[in-house]
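Here is a short briefing on one protein model and its ligand. Take a look at the structure, then work through the points below.

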Amino acid sequence: MTPKPKPKRFGEGDAVPSLVPPAIAAGSLAALGQPTLEAGGGALLRPWLISDAGGVVEAFRDPAIQRWHVRGADSLEEAQGWIRRWQSTWEDETEGHWAVAGAESGALLGRLSLKAWNLTDGTAEVAYWTVPAARGTGVCPRAVTALADWALDEGRFHRLELAHSTANPASCRAAVKAGFTEEGVRRGAALHADGWHDMHLHARLAQDGRGSCRPAGSASPAGD
Ligand SMILES: CC(C)(COP(=O)(O)OP(=O)(O)OC[C@H]1O[C@@H](n2cnc3c(N)ncnc32)[C@H](O)[C@@H]1OP(=O)(O)O)[C@@H](O)C(=O)NCCC(=O)NCCS
C-alpha cells in the first residue's frame, strides 16, 4: 500500500511547525529595503531623517495631533530618539515609518507608518498625521494610497488595517478616500489620554480596488 504523503510543513526549526507558508518570507522586506514613494501633488514618502526632529516637535504642539496620539515629543532630543527608532524598525521587519515631505521644499507635511507587521498572515496597521498647514489638501489619503499600493503589491502584504476613534471623523474620511473599506466598530479598543475610545476599523486587502486618491500618473490595475 502506498503511504499517505505527509502534509508539507513550514518552519521545521520551530517547536510547532506550521502547515501553511508565511504570507511574507522572513528577511524579504529587509532585503527589499524601505522604498521612497511618490504621493502626488509634489509630496513624497521617504524614510525619516534626524534633521526632521524639529518638525516633529512642532507637529506635536498641534492639539489635534497630540489628542489622537498617546505619545508626545516635547524636545529635540525626544524627537531624535523617536526618529532613531523609526529608522531601525525596517531592518527588524517589525514596522515601517515614513515622513511625508514636499519633494522640492523638503518641508515636513506629515507622518505615515505601517505598524505591527505580522509576516505569517501578511498584515500591518496604518497610522498617520498631517501638519495643520497641509491639511485639507488630500495629502494624507494620497500618501496612504501610494503606500498601500506598494505594500499590497511589491511588499506582498495581504491585509492592511486602519483604525481611528469614532470621535475622529476627519481620519475616517481620509481612510475612505484612501480606499480602506469600513468593517465595523471595536468597542473600547484604545486608551487615549481622555479615556477609552471605540475604534472604527477599516481595511484594504490585496484583492480590493484602489482608493480614489491615487497619485496622478500612477497606473491603475486592469479592472479597477
Ligand atoms: C486626519 C488627518 C490625518 C487627515 O489628513 P489630511 O491630509 O488633511 O486629509 P484630507 O486633505 O483628505 O482632509 C480630510 C478630509 O476629512 C474631512 N474632514 C475634516 N474634518 C472633518 C470633520 N470634523 N468631520 C467630517 N469630515 C471632516 C475633510 O473635509 C476632508 O474630506 P474632503 O476632501 O472630502 O472634503 C489630519 O486631519 C490630521 O492629522 N488630524 C490630526 C491627527 C489625526 O487625527 N491622526 C489620525 C489618527 S487615527
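In which helix does D149 lie? D149 lies in helix α5. Helices here are DSSP runs of H or I with at least four residues, strands are runs of E with at least two, and both are numbered from the N terminus.

This is a predicted model, where local features need pLDDT of at least 70, side-chain atom pairs count only at pLDDT 80 or more, and totals for chains, interfaces and linings use all residues. Residues are numbered from 1 along each chain as its sequence is written, and side-chain values use heavy atoms, with hydrogens and water left out.

- D149 has a relative accessible area of 10%, so D149 is buried. Buried means under 20% relative accessible area, exposed means over 50%, and partly exposed is in between (1.4 Å probe, protein chains only).
- D149 and R204 are 55 residues apart along the chain, and their C-alpha atoms are separated by 9.8 Å.

**H164**

- H164 belongs to strand β6, which covers residues 159-165.
- H164 counts as buried because its relative accessibility is 4%.
- The side chain of H164 makes a polar contact of 3.0 Å with the side chain of H202.
- Leaving out residues up to four places away in sequence, H164 touches S171, C172, D198, M199, H200 and H202. Contact means heavy atoms within 4.5 Å.

**The ligand**

- There are 21 residues around the ligand, and T130, G138, N168, R173 and K177 come nearest. A residue is near a molecule or strand if one of its heavy atoms lies within 4 Å of it.
- An oxygen atom of the ligand lies 2.8 Å from a backbone N or O atom of T130.
- A polar backbone atom of C140 is 3.1 Å from an oxygen atom of the ligand.
- In N168, a side-chain N or O atom is 2.8 Å from an oxygen atom of the ligand.
- The elements that give two or more residues to the shell around the ligand are α3 (63-67), β5 (123-130), α5 (139-152) and α6 (169-177).
- Helix α6 provides the largest share of this shell, with 5 residues.

Definitions and conventions. Polar contact = N/O pair within 3.5 Å; in protein donor to acceptor, adjacent residues only side chain to side chain.
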